[in-house]
Amino acid sequence: MVRILRQAKARRAALGTAAVLALVAANGPAATGFAERAWHDYTVNKSTYKARYGHWDVVDVPERYRVNAIHAALLHTGKVLLIAGSGNDEKNFKAGTFQSVLWDPVRNTFKEIPTPKDMFCAGHAQLPDGRLLVAGGTARYEKLTGDVRRAGGAMLVKNENPDEARTLPAGTLFEGSGGRQYRSQVPVLVPRARKIVTDEEDASRKRVMVTASQARVYVEAVAEGEEGVANTADQYRIKGLEGREAQDVYGLAAKLGLDKKDFQGLKEAFEFDPVAERYVPVDPMSEARWYPTLVTLKDGRVLAVSGLDDMGEIIPGKNEIYDPGTRTWSAGPQRYFPTYPALFLTGGGRLFYSGSNAGYGPADQGRAPGLWDVEDNTFTPVPGLPEQDMTETSASVLLPPAQDQKVMILGGGGVGESHRSSGRTAVADLKAEAPRYTPGPALPRATRYLNAVLTPDDTVFTTGGSGDYRGKRGSDILRAQFYDPSSRTFRTAADPTVGRDYHSEALLLPDGRIAVFGSNPLFADKDDTRVGTFEKRIEVYTPPYLYRPHRPALGTGVIEAGRGTTVTLPGASPREAAKVRLMRPSAVTHATDVEQRSIALTATPRGGALSVTIPEDPSLVPVGWYMVFVVDRAGTPSNAAWVHIA
């Protein structure tokens, strides 16, 4: 359908060119804008232009399926899961309207998926069986100073009873020494106190030491405005508890004020089943997380890192690991990162933190790039990154092929709502004896929120972004380009027609095209006077390699393989294959996609067929589903076949 619409558009543009020129001659400057647009349409639809720069098409999405795409993930069915949750719309949040849509890019069909929780700003990762793990999300929207009607903050609840844990329901009332009262917003479980008995032979000399347990819960004042503000530390008794219970269980708080309240995270986690096309609840995390990164480890487990907790505070290094076999979480290594840190699985199972991140965290903590050994929890800094204070909202990719172990960072901006943006790129060679960043070619323009997508011909396609925070001052960048790692240069691609900044995503489709979703600008004009609206259009880019007269053949049936094994690619011709690439499907949000990777496969002709060997290294090829592309000498890829690496 998309190709038919594109051809019809080209015919209309060509037939109308002569008429447009005549119109300009007759009407002068009044028709200039129209003529420029018509000439542009004519130019970008010429076959020679497409063969050099590629082409963009806006997908026809029925109105009921137009969602605020915050997250996008390619599934092994070939469909794309778009997750909005509440879509950064507090009205949806209050109404409990949470959305996900499944898009089939081949048939251009859509299906709404029941969405049980607000997965807005969750984390996600591909699991070994092809399910998508989605963890965290939004428990409360932020309130800016001036909009906060009731004082609130974190209440530390203590329990000095070593024999009994205590669950306090939502709405529990805490009263301070001055009579101010606060209600808890969610239930809280306070464990039993810790009891230690000294080991003495003489029973009369034994000593019992009790250490109070504690848990945090968010509370808000019963009274509105200044009347509910508590500026000094206080102890709070719990209404309804009497006698010994009231002595054992109580609250402590330092300050409960009317200052800005940040978003709060969720503990809930789900697996999305691509076959049944539904969310399946799994064990919740121990920490609530908003803006977390989920990254696959070499053994197929998933590490959840960072995020804002159920108090709206950045989690101070408490990470946890999901086991797909048991669908349960356990404690992970302690290490602090800003929210949505870009972490890439690299040689030996270490995680490389590129320095890219999004949104929350102080400017002087957790921003230095480095290699993190998760097993012994050591961190080796990787120096040399220019403009290290401009890594927020930057893009990062593990450059193709993944065996080279090079990570590139592109663009970014200053911390928070800074107007500053960067055109810097840099590459870290992680196979070097002493890895460090070296400068790469500058982007055409300083860019935040750049999307970067690996392509089967070993280039990196980059598109969109803005020059200012969330597209302020009309700064969306309608440009795209390819980065070639072998020549370390950029080359121009066709310009997109839709601006993309905050909350936008891009990913590679199995047919070699690239789909782009979302964008959440603050304003709709250069003067920042009109409130912006969320961009619901989907735009698909067809690269130049798909306008060549011939594509390599490859059967599209599912292939099962193990690491270290050799398999035959159905329908592939050894004469056509210059290289074969194994590509992990994306799961992307906030310019962060730590899933995508492109792995070079060794190809061997065998009896007129083409066989490939899967690398044995689990840190290079974690178990799961992959696309395999055969690429010819001109750099033209086949359609992908799906391979399940077990």
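Which residues are linked with Arg 131 in a network of salt bridges?

1. In this predicted model, Arg 131 belongs to a network of salt bridges that also links Asp 129, Glu 271, Asp 273 and Arg 327. The structure holds 32 salt bridges. Three further pairs are taken up below.

2. Glu 112 and Arg 64 form a salt bridge through their side chains, with an N to O distance of 3.9 Å. Arg 64 sits in the loop between strand E1 (55–58) and strand E2 (71–74) and Glu 112 in strand E5 (residues 109–114), so this contact ties together parts that are 48 residues apart in sequence. Glu 112 is partly exposed, at 34% relative accessible area, while Arg 64 is exposed, at 55%.

3. The salt bridge between Arg 244 and Asp 248 has its closest N and O atoms 3.3 Å apart. Both residues belong to helix H5 (residues 243–248), where they are 4 residues apart, about one turn of the helix. Arg 244 counts as exposed, with 57% relative accessibility, whereas Asp 248 counts as buried, with 6%.

4. Glu 287 pairs with Lys 318 in a salt bridge whose closest N and O atoms are 4.0 Å apart. Glu 287 is in the loop between strand E21 (278–282) and strand E22 (293–296), and Lys 318 is in the loop between strand E23 (302–305) and strand E24 (320–323), so the pair ties together parts that are 31 residues apart in sequence. Glu 287 has a relative accessible area of 18% and is buried, because the cut-off for buried is under 20%. Lys 318 is partly exposed, at 39% relative accessibility.

Conventions: Residues numbered from 1 in each chain as written. Predicted model: local features only at pLDDT ≥ 70, side-chain atom pairs only at ≥ 80, totals over all residues. Heavy atoms only, no water. Helix = DSSP H or I, 4+ residues; strand = E, 2+ residues; numbered from the N terminus. Buried < 20%, exposed > 50% of the residue type's maximum accessible area, 1.4 Å probe, protein only.
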